[in-house]
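Here are my notes on the model, point by point. Please keep the structure open while you read.

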Amino acid sequence: MSQAGMSQTSEEQVTDARDWIMQYPFGWIEMWFSTTPVVAAGMVSFVLANLFYTATGVLSRLLSKSYTKMTLRDQHRWNSGFQRATGGLMLAIRGFYALDGGLPEGGLVWGTNSYLHQTAAFALGFFVFEVRDSLHLYLACGIFQDTLVVHHTCGVVLYVVALATGAYHFPVAIVLIEEMCAPMVHLGWVLAKIKMDNHWVWDLNQYTLIVSWILCRNCVDIILWCYLLSNFFELVYGPTLAFVIIFPMLGLLSGILNPYWLMHKISQIGKRNQKYRNSRQPDEDDKKVK
(Lines give C-alpha, C1' and ligand atoms only; values in the text may rest on other atoms or scores of the structure.)
Protein backbone atom coordinates (compact mmCIF):
# COMPACT_ATOMS: atom_id res chain seq x y z
CA MET A 1 0.00 0.00 0.00
CA SER A 2 1.30 3.45 -0.95
CA GLN A 3 2.09 6.13 1.60
CA ALA A 4 -0.80 8.26 0.30
CA GLY A 5 -3.20 5.34 0.70
CA MET A 6 -2.01 4.64 4.24
CA SER A 7 -2.40 8.35 5.12
CA GLN A 8 -5.94 8.40 3.74
CA THR A 9 -6.85 5.25 5.66
CA SER A 10 -5.41 6.71 8.86
CA GLU A 11 -7.44 9.91 8.42
CA GLU A 12 -10.61 7.89 7.82
CA GLN A 13 -10.00 5.89 10.99
CA VAL A 14 -9.52 9.07 13.02
CA THR A 15 -12.71 10.52 11.54
CA ASP A 16 -14.66 7.34 12.31
CA ALA A 17 -13.33 7.28 15.87
CA ARG A 18 -14.24 10.95 16.37
CA ASP A 19 -17.76 10.32 15.01
CA TRP A 20 -18.20 7.31 17.30
CA ILE A 21 -17.07 9.28 20.36
CA MET A 22 -19.45 12.14 19.60
CA GLN A 23 -22.38 9.84 18.86
CA TYR A 24 -22.05 7.85 22.06
CA PRO A 25 -22.58 9.08 24.68
CA PHE A 26 -21.77 12.77 24.05
CA GLY A 27 -23.62 13.45 20.83
CA TRP A 28 -26.46 15.34 22.52
CA ILE A 29 -23.92 17.47 24.42
CA GLU A 30 -22.34 18.53 21.14
CA MET A 31 -25.76 19.41 19.72
CA TRP A 32 -26.59 21.43 22.83
CA PHE A 33 -23.34 23.39 22.94
CA SER A 34 -23.09 23.91 19.21
CA THR A 35 -25.54 26.81 19.52
CA THR A 36 -23.42 29.56 21.05
CA PRO A 37 -26.31 31.99 21.81
CA VAL A 38 -28.00 29.30 23.90
CA VAL A 39 -24.89 28.71 26.00
CA ALA A 40 -24.43 32.45 26.32
CA ALA A 41 -28.00 32.84 27.58
CA GLY A 42 -27.44 30.33 30.36
CA MET A 43 -24.10 31.83 31.33
CA VAL A 44 -25.47 35.40 31.27
CA SER A 45 -28.36 34.37 33.50
CA PHE A 46 -26.05 32.78 36.08
CA VAL A 47 -23.66 35.75 36.03
CA LEU A 48 -26.54 38.24 36.35
CA ALA A 49 -27.89 36.36 39.35
CA ASN A 50 -24.50 36.62 41.06
CA LEU A 51 -24.21 40.32 40.19
CA PHE A 52 -27.71 41.09 41.51
CA TYR A 53 -26.92 39.27 44.74
CA THR A 54 -23.61 41.12 45.24
CA ALA A 55 -24.99 44.52 44.22
CA THR A 56 -27.90 44.13 46.62
CA GLY A 57 -25.52 43.50 49.51
CA VAL A 58 -23.29 46.46 48.65
CA LEU A 59 -26.11 48.96 48.12
CA SER A 60 -28.10 47.77 51.13
CA ARG A 61 -25.08 48.14 53.37
CA LEU A 62 -24.60 51.72 52.15
CA LEU A 63 -28.24 52.82 52.14
CA SER A 64 -30.09 50.84 54.80
CA LYS A 65 -29.48 51.02 58.54
CA SER A 66 -31.86 48.09 59.05
CA TYR A 67 -29.65 45.93 56.83
CA THR A 68 -26.51 46.63 58.86
CA LYS A 69 -28.29 45.60 62.06
CA MET A 70 -29.34 42.23 60.65
CA THR A 71 -27.57 38.96 61.32
CA LEU A 72 -25.47 37.51 58.50
CA ARG A 73 -28.18 34.91 57.97
CA ASP A 74 -30.87 37.55 57.42
CA GLN A 75 -28.55 39.59 55.23
CA HIS A 76 -28.09 36.54 53.03
CA ARG A 77 -31.86 36.03 52.81
CA TRP A 78 -32.28 39.73 52.00
CA ASN A 79 -29.74 39.56 49.16
CA SER A 80 -31.16 36.30 47.84
CA GLY A 81 -34.68 37.67 47.89
CA PHE A 82 -33.82 40.76 45.86
CA GLN A 83 -31.89 38.62 43.40
CA ARG A 84 -34.81 36.19 43.14
CA ALA A 85 -37.29 39.03 42.67
CA THR A 86 -35.25 40.62 39.87
CA GLY A 87 -34.47 37.35 38.12
CA GLY A 88 -38.06 36.14 38.48
CA LEU A 89 -39.36 39.33 36.87
CA MET A 90 -37.00 38.89 33.92
CA LEU A 91 -38.09 35.27 33.46
CA ALA A 92 -41.77 36.20 33.69
CA ILE A 93 -41.37 38.81 30.95
CA ARG A 94 -39.78 36.19 28.70
CA GLY A 95 -42.66 33.84 29.51
CA PHE A 96 -45.23 36.48 28.52
CA TYR A 97 -43.48 37.02 25.20
CA ALA A 98 -43.46 33.26 24.57
CA LEU A 99 -47.19 32.97 25.31
CA ASP A 100 -47.96 36.00 23.14
CA GLY A 101 -46.09 34.40 20.25
CA GLY A 102 -48.39 31.37 20.36
CA LEU A 103 -47.63 27.73 19.70
CA PRO A 104 -44.55 27.54 17.44
CA GLU A 105 -44.38 25.62 14.21
CA GLY A 106 -43.71 21.98 14.94
CA GLY A 107 -46.29 21.51 17.67
CA LEU A 108 -46.23 21.46 21.44
CA VAL A 109 -43.50 18.84 21.78
CA TRP A 110 -41.01 19.64 19.02
CA GLY A 111 -42.00 23.20 18.20
CA THR A 112 -39.25 25.70 19.01
CA ASN A 113 -37.39 28.74 17.80
CA SER A 114 -34.27 30.64 18.82
CA TYR A 115 -36.20 32.71 21.39
CA LEU A 116 -37.71 29.67 23.14
CA HIS A 117 -34.38 27.84 23.04
CA GLN A 118 -32.54 30.76 24.63
CA THR A 119 -35.34 31.26 27.18
CA ALA A 120 -34.93 27.68 28.38
CA ALA A 121 -31.16 28.20 28.71
CA PHE A 122 -31.68 31.52 30.53
CA ALA A 123 -34.05 29.82 32.97
CA LEU A 124 -31.55 27.01 33.54
CA GLY A 125 -28.85 29.49 34.57
CA PHE A 126 -31.27 31.13 37.00
CA PHE A 127 -32.33 27.88 38.65
CA VAL A 128 -28.74 26.59 38.88
CA PHE A 129 -27.88 29.71 40.87
CA GLU A 130 -30.98 29.26 43.03
CA VAL A 131 -30.06 25.67 43.89
CA ARG A 132 -26.54 26.74 44.78
CA ASP A 133 -27.92 29.58 46.89
CA SER A 134 -30.43 27.32 48.67
CA LEU A 135 -27.67 24.85 49.53
CA HIS A 136 -25.49 27.68 50.81
CA LEU A 137 -28.38 28.97 52.93
CA TYR A 138 -28.77 25.51 54.46
CA LEU A 139 -25.10 24.59 54.92
CA ALA A 140 -23.87 28.01 56.09
CA CYS A 141 -26.93 29.38 57.90
CA GLY A 142 -28.91 26.30 58.88
CA ILE A 143 -32.04 27.41 56.98
CA PHE A 144 -33.65 24.62 54.97
CA GLN A 145 -36.63 25.78 52.93
CA ASP A 146 -37.86 22.43 51.71
CA THR A 147 -40.48 23.51 49.17
CA LEU A 148 -38.10 26.12 47.73
CA VAL A 149 -35.32 23.54 47.34
CA VAL A 150 -37.73 21.10 45.66
CA HIS A 151 -39.01 23.84 43.37
CA HIS A 152 -35.57 25.00 42.23
CA THR A 153 -34.15 21.48 41.88
CA CYS A 154 -37.12 20.51 39.73
CA GLY A 155 -36.45 23.66 37.69
CA VAL A 156 -32.88 22.58 36.97
CA VAL A 157 -33.96 19.07 35.94
CA LEU A 158 -36.86 20.44 33.88
CA TYR A 159 -34.73 22.75 31.75
CA VAL A 160 -31.80 20.34 31.44
CA VAL A 161 -34.17 17.72 30.01
CA ALA A 162 -35.89 20.27 27.75
CA LEU A 163 -32.56 21.46 26.34
CA ALA A 164 -31.04 17.98 26.09
CA THR A 165 -33.99 16.48 24.23
CA GLY A 166 -34.95 19.60 22.28
CA ALA A 167 -38.57 19.12 23.33
CA TYR A 168 -41.26 20.97 25.31
CA HIS A 169 -39.63 24.39 24.80
CA PHE A 170 -43.00 26.17 24.55
CA PRO A 171 -44.62 24.86 27.77
CA VAL A 172 -41.45 25.28 29.85
CA ALA A 173 -41.24 28.87 28.58
CA ILE A 174 -44.79 29.94 29.40
CA VAL A 175 -44.57 28.39 32.89
CA LEU A 176 -41.98 31.08 33.65
CA ILE A 177 -44.84 33.61 33.86
CA GLU A 178 -45.44 32.20 37.33
CA GLU A 179 -42.24 33.88 38.53
CA MET A 180 -44.08 37.22 38.31
CA CYS A 181 -45.06 36.75 41.96
CA ALA A 182 -41.44 36.65 43.18
CA PRO A 183 -41.00 40.44 43.77
CA MET A 184 -44.07 40.64 46.03
CA VAL A 185 -43.11 37.52 47.96
CA HIS A 186 -39.76 39.03 48.88
CA LEU A 187 -41.15 42.52 49.52
CA GLY A 188 -43.52 41.06 52.11
CA TRP A 189 -40.57 39.48 53.94
CA VAL A 190 -38.57 42.73 53.80
CA LEU A 191 -41.46 44.77 55.20
CA ALA A 192 -41.92 42.30 58.04
CA LYS A 193 -38.19 42.38 58.76
CA ILE A 194 -38.14 46.17 59.12
CA LYS A 195 -41.23 46.06 61.38
CA MET A 196 -43.69 47.32 58.77
CA ASP A 197 -45.94 44.25 58.66
CA ASN A 198 -48.63 46.25 60.49
CA HIS A 199 -48.54 49.00 57.86
CA TRP A 200 -51.02 49.44 55.02
CA VAL A 201 -48.13 48.96 52.56
CA TRP A 202 -47.71 45.38 53.79
CA ASP A 203 -51.45 44.75 53.40
CA LEU A 204 -51.41 46.20 49.88
CA ASN A 205 -48.44 44.03 48.95
CA GLN A 206 -49.96 40.84 50.33
CA TYR A 207 -53.36 41.29 48.71
CA THR A 208 -51.67 42.24 45.43
CA LEU A 209 -49.59 39.08 45.79
CA ILE A 210 -52.68 36.92 46.20
CA VAL A 211 -54.39 38.46 43.15
CA SER A 212 -51.24 38.13 41.03
CA TRP A 213 -50.78 34.58 42.31
CA ILE A 214 -54.23 33.61 41.09
CA LEU A 215 -53.72 35.34 37.73
CA CYS A 216 -50.08 34.48 37.04
CA ARG A 217 -49.94 31.03 38.61
CA ASN A 218 -53.35 29.40 38.81
CA CYS A 219 -54.63 30.88 35.53
CA VAL A 220 -51.34 30.11 33.76
CA ASP A 221 -51.63 26.54 35.11
CA ILE A 222 -55.04 26.29 33.45
CA ILE A 223 -53.67 27.63 30.15
CA LEU A 224 -50.70 25.26 30.36
CA TRP A 225 -52.83 22.20 30.98
CA CYS A 226 -55.23 23.15 28.19
CA TYR A 227 -52.24 23.00 25.85
CA LEU A 228 -50.94 19.74 27.37
CA LEU A 229 -54.22 17.84 27.45
CA SER A 230 -55.37 19.00 24.02
CA ASN A 231 -52.09 17.67 22.60
CA PHE A 232 -51.83 14.63 24.86
CA PHE A 233 -51.22 12.06 22.11
CA GLU A 234 -48.45 14.21 20.71
CA LEU A 235 -46.85 14.10 24.18
CA VAL A 236 -47.21 10.32 24.43
CA TYR A 237 -45.51 9.75 21.07
CA GLY A 238 -42.82 12.31 21.81
CA PRO A 239 -39.51 11.62 23.59
CA THR A 240 -40.05 9.23 26.48
CA LEU A 241 -37.50 10.84 28.79
CA ALA A 242 -39.09 14.27 28.43
CA PHE A 243 -42.61 12.89 28.93
CA VAL A 244 -41.65 10.87 32.03
CA ILE A 245 -39.84 13.80 33.69
CA ILE A 246 -41.41 17.05 32.46
CA PHE A 247 -45.08 16.01 32.53
CA PRO A 248 -45.06 14.87 36.22
CA MET A 249 -43.02 17.91 37.28
CA LEU A 250 -45.52 20.30 35.75
CA GLY A 251 -48.22 18.30 37.54
CA LEU A 252 -46.33 18.63 40.84
CA LEU A 253 -46.08 22.39 40.38
CA SER A 254 -49.70 22.89 39.35
CA GLY A 255 -51.37 20.34 41.62
CA ILE A 256 -49.36 20.53 44.85
CA LEU A 257 -46.82 23.37 45.15
CA ASN A 258 -48.88 26.27 43.80
CA PRO A 259 -52.05 25.50 45.86
CA TYR A 260 -49.92 24.92 48.97
CA TRP A 261 -48.06 28.21 48.56
CA LEU A 262 -51.30 30.13 47.89
CA MET A 263 -52.87 28.85 51.12
CA HIS A 264 -49.64 29.67 52.95
CA LYS A 265 -49.70 33.27 51.69
CA ILE A 266 -53.33 33.67 52.71
CA SER A 267 -52.61 32.22 56.16
CA GLN A 268 -49.78 34.77 56.61
CA ILE A 269 -52.36 37.55 56.65
CA GLY A 270 -54.40 35.74 59.29
CA LYS A 271 -51.32 35.09 61.43
CA ARG A 272 -50.25 38.71 61.18
CA ASN A 273 -53.72 39.91 62.19
CA GLN A 274 -53.77 37.51 65.14
CA LYS A 275 -50.29 38.63 66.20
CA TYR A 276 -51.25 42.28 66.49
CA ARG A 277 -54.66 41.48 67.91
CA ASN A 278 -52.93 39.65 70.75
CA SER A 279 -50.46 42.51 71.26
CA ARG A 280 -53.31 44.99 71.61
CA GLN A 281 -55.29 42.83 74.02
CA PRO A 282 -53.26 43.70 77.21
CA ASP A 283 -53.69 47.43 76.55
CA GLU A 284 -57.44 47.01 76.16
CA ASP A 285 -57.61 44.98 79.36
CA ASP A 286 -55.72 47.72 81.26
CA LYS A 287 -58.17 50.32 80.05
CA LYS A 288 -61.10 48.23 81.26
CA VAL A 289 -59.51 47.88 84.72
CA LYS A 290 -58.99 51.65 84.96
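1. **R132.** R132 lies in helix α7; helices here are DSSP runs of H or I with at least four residues, strands are runs of E with at least two, and numbering starts at the N terminus. R132 counts as partly exposed because its relative accessibility is 36%. The classes are buried for under 20% relative accessible area, exposed for over 50%, and partly exposed in between, with a 1.4 Å probe and protein chains only. Its C-alpha atom is separated by 9.5 Å from that of H152, 20 residues apart along the chain.

2. **Basis.** This is a predicted model, in which local features need pLDDT of at least 70, side-chain atom pairs count only at pLDDT 80 or more, and totals for chains, interfaces and linings use all residues. Residues are numbered from 1 along each chain as its sequence is written, and side-chain values use heavy atoms, with hydrogens and water left out.

3. **Overall fold.** The protein chain has 13 helices and zero strands. Buried residues make up 42% of its 290 residues. Take the contacts (heavy atoms within 4.5 Å) between residues at least 6 apart in sequence: 78% join residues at least 24 apart.

4. **T119.** Helix α7 spans residues 114-141 and also holds T119. Is T119 buried or exposed? T119 counts as buried, because its relative accessibility is 0%. Its side chain reaches the backbone oxygen of Y115 at 2.8 Å. That is a polar contact: a pair of N or O atoms within 3.5 Å, where within protein one must be able to donate a hydrogen and the other to accept it, and residues adjacent in sequence count only if both atoms are side-chain atoms. Leaving out residues up to four places away in sequence, T119 touches R94, A173 and L176.

5. **Nonpolar core.** A nonpolar core is a set of buried Ala, Val, Leu, Ile, Met, Phe, Trp, Tyr and Cys residues joined through side-chain atoms within 4.5 Å. The largest one has 56 residues, and Y159, Y168, L228 and I246 have the most contacts inside it. Helix α13 (residues 240-289) supplies the largest share of this core, 10 residues. L228 touches L108, L235, F247 and L250, not counting residues up to four places away in sequence.

6. **Two backbone angles to check.** Most residues other than glycine have a negative phi. Y168 has a positive phi of about 60° although it is not a glycine. Y168 lies in the loop between α8 and α9 (169-174), and is buried because its relative accessible area is 0%. K195 has a positive phi too, of about 65°, and is not a glycine either. K195 sits in the loop between α10 and α11. K195 is exposed, with a relative accessible area of 71%.

7. **Largest pocket.** Pockets and cavities are found on a 1 Å grid over the protein atoms alone: a cavity is a set of points where a 1.4 Å probe fits but cannot get out, a pocket is an open set with protein on both sides within 12 Å along at least five of seven lines, and lining residues have an atom within 4 Å of a point. Grid points are joined across faces, edges and corners, and a volume is the space filled by probe spheres set on the points. The largest pocket holds about 970 Å³ of space. It is lined by 36 residues, and Q145, V185, H264, K265 and Q268 are the closest to its centre. α13 gives the most to this lining, with eight residues. By class, the lining of the largest pocket has 14 nonpolar, 11 polar and 11 charged residues. Ala, Val, Leu, Ile, Met, Phe, Trp, Tyr, Cys and Pro count as nonpolar, Asp, Glu, Lys and Arg as charged, and the others, Gly among them, as polar.

8. **Cavities.** How many cavities of 30 Å³ or more are there? The count is two. The largest cavity has a volume of about 190 Å³. Of its 16 lining residues, H151, G155, L158, V175 and L253 are the closest to its centre. The second largest cavity has a volume of about 40 Å³. α3 gives the most to the lining of that second cavity, with four residues. This lining has six nonpolar, three polar and no charged residues.
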